[in-house]
Amino acid sequence: MKTGIKIALSVAMLASLSYGGEQFAMSDADRAMYAEMSENNPADIMVADGEELLGYMGGDEGLAKYLGVSEDDLPAYIAGFPRYIKKFDMVVGIDQVIQAMMADGGHKPLKLKSGNMFAMVAYVKSIANGEKINIDVTANKQMKEAYALGLKTYMTKRGGRGLSCNSCHAPAVVGRILRTQPLPDLGANGAKAAATWPAYRMTKSSLRTLQRRFQGCMKNALLKVIPLGSKQMVALEVYLTNKAKGAEISIPGLKR
Amino acid sequence: MQRRDFFKKLGTVAAVSAVMPAMSFAGGAKPVSPNKMDYNTAVNTITGGKTPKPSKKVKLKVPEIAENGAVVPVTVTVDSPMTESNYVKAIHILTGKNSNARTIDVYLTPANGKAMFSTRIKLGGTQKVTALVELSNGEFLTASQSVKVTIGGCG
Amino acid sequence: MQKRKSLIKIKPKRYKNGEIVKVSFMVMHPMHTGMAKDKKTKKIIPAKYINSVKFIYNGKEITSMKVWESLSVNPVFTTYMKINGKGKLTVKYTDNTGEAHEKTKKIKPKG
């Protein structure tokens, strides 16, 4: 499809978005109720699961050792992911570190997409609960490149409708209703999404990671799904996590 | 469990996150619950024919708009001393339009200390949710609220 | 029988005798209504849901519930209980296909 037509389509689509009427507005009382729900987040069970699974590989102590940090420094270190890790010469997310740890331990690593992997990622990130996200996208050449790639991926229009992440999540479009739900602002600095993922998704009745959520969104927007753990996907996570820099980590989250 | 056993188990650990098809009324013949019972029949069954009275003593907390019909938080609180001579015997949570109007029947005792019950229910569409409360003196009290269910969103 | 993952939570974590605490029981369960179709096979998924839950405190049943299929997947059951001595809280639950499980939590009042 010609680029010109693609872009025209996306503009037409966006023009048809309406601003949310009161009919779809959730009251503050409603929001408070949903916030209360996270007191008993089903994902708590999965996080406990993840802790058990990590336990078979040495638990927090084993993880800290594998990453080359002290157990005391582990929470703040986790709060800086995705990171460039010299050992792998790659910018990686927590899930990839877990895979590497499993492989190095002589075990077949869990697939990035598996429920058990999500559980372990959630547990590991929960070690950093209370810490502020401290990702450093200027730390080294690789992080800078990852950030640049993430930004590019976020802004690139592609797919059948000529949409980019920014098409629906830019400040200018925030609050507009798409498929009965108001669009969240992921473009603003301080957009805290990364601080509350992995999260329990009510519509999927399961624990999901941020990258997995991106995939769901891409599918709906008719964008070719980017594989978990791929350079672009990790870059996207770097870009989004940087937006949440300074936000307090609280895992597991609870989402629609 | 030994490390070896854990990794052997990897293939068989329950995939609890299997795809859950959403309960919906869309497309084709409307499916019927194996426990089909409409709201009025449910109320009569519970009260034995007595008419329940709406009461401010029963506080029903449900969202006005449910972000997702599969997970709607419901909390019922009843103003009661919960003593042996005066306590809440049961809290029933009913829906107006679900195929089976009943969602849960909770039988309390003074050992609970306070009369409250909270859970999450599935709503097949916009409808009224009702808390039907039975007191130890045989009285039946109710409180209702409508919940608008929005089905949508991306991803 | 396959074990189910579950959790009993008491709030606040520290409590005294005589105090009324919030107790929640959460369990992983698909709560199939028997009305939904499997997206892949197009066949109706048979009803499979928790149908009863009992809270037993030091041998005494303090709360019992009859549960229907329209409770959400991975359900939670929250109520209050009056702390009345050291011991244990056991939650027993069954589902309509005959599964029966229990989960226990120690009750340790401080003072």
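This is a predicted model: local features need pLDDT of at least 70, side-chain atom pairs count only at pLDDT 80 or more; totals for chains, interfaces and linings use all residues.
**Entry 1: chain A overall**

I began with the secondary structure of chain A, which comes to 11 helices and 8 strands. I then looked up burial: of the 256 residues of chain A, 43% count as buried. For the contacts in chain A I took those between residues at least 6 apart in sequence, and I noted that 71% of them join residues at least 24 apart.

**Entry 2: a sheet in chain A**

I next examined an open sheet of 3 strands in chain A, whose order is β7-β6-β8 and whose pairing is mixed. I recorded β7 (206–208) and β8 (253–255) of chain A as its edge strands, since each pairs on one side only.

I then followed one pairing in detail. Strand β6 (residues 199–201) of chain A pairs with β7(A) in the antiparallel sense, over 3 bridges. Within this pairing I looked up A:Ala199, and its bridge partner in β7(A) is A:Arg208.

**Entry 3: C:Lys86**

I turned to chain C and located C:Lys86 in the loop between β5 (76–82) and β6 (87–95). Is C:Lys86 buried or exposed? I found 11 other C-beta atoms within 10 Å of C:Lys86; a residue counts as exposed at 12 or fewer, so C:Lys86 is exposed.

I also checked which residues C:Lys86 touches, not counting those up to four places away in sequence: they are C:Ile107, C:Lys108 and C:Pro109.

**Entry 4: chains B and C**

How many residues does the contact take from chain C and from chain B? I recorded 34 residues from chain C and 36 residues from chain B. On the side of chain C that touches chain B, β4 (60–67) and β5 of chain C each supply at least two residues. I sorted that side of chain C by class and noted 18 nonpolar, 9 polar and 7 charged residues.

I then looked for strand pairing across the two chains. Strand β6 (residues 102–107) of chain B is joined to β4(C) by 4 bridges, and the two strands run antiparallel. As one position in β4(C), I looked up C:Ser64, which stands opposite B:Tyr107.

Technical notes:
Residues are numbered from 1 along each chain as its sequence is written. Chains are lettered from A and ligands numbered from 1 in the order in which they are written. Two strands pair if DSSP finds at least two bridges between them. A residue is buried if 20 or more other C-beta atoms lie within 10 Å of its own, exposed if 12 or fewer, and partly exposed in between; C-beta atoms are placed from the backbone. Two residues are in contact if their C-beta atoms, placed from the backbone, lie within 7 Å. Ala, Val, Leu, Ile, Met, Phe, Trp, Tyr, Cys and Pro count as nonpolar, Asp, Glu, Lys and Arg as charged, and the others, Gly among them, as polar.
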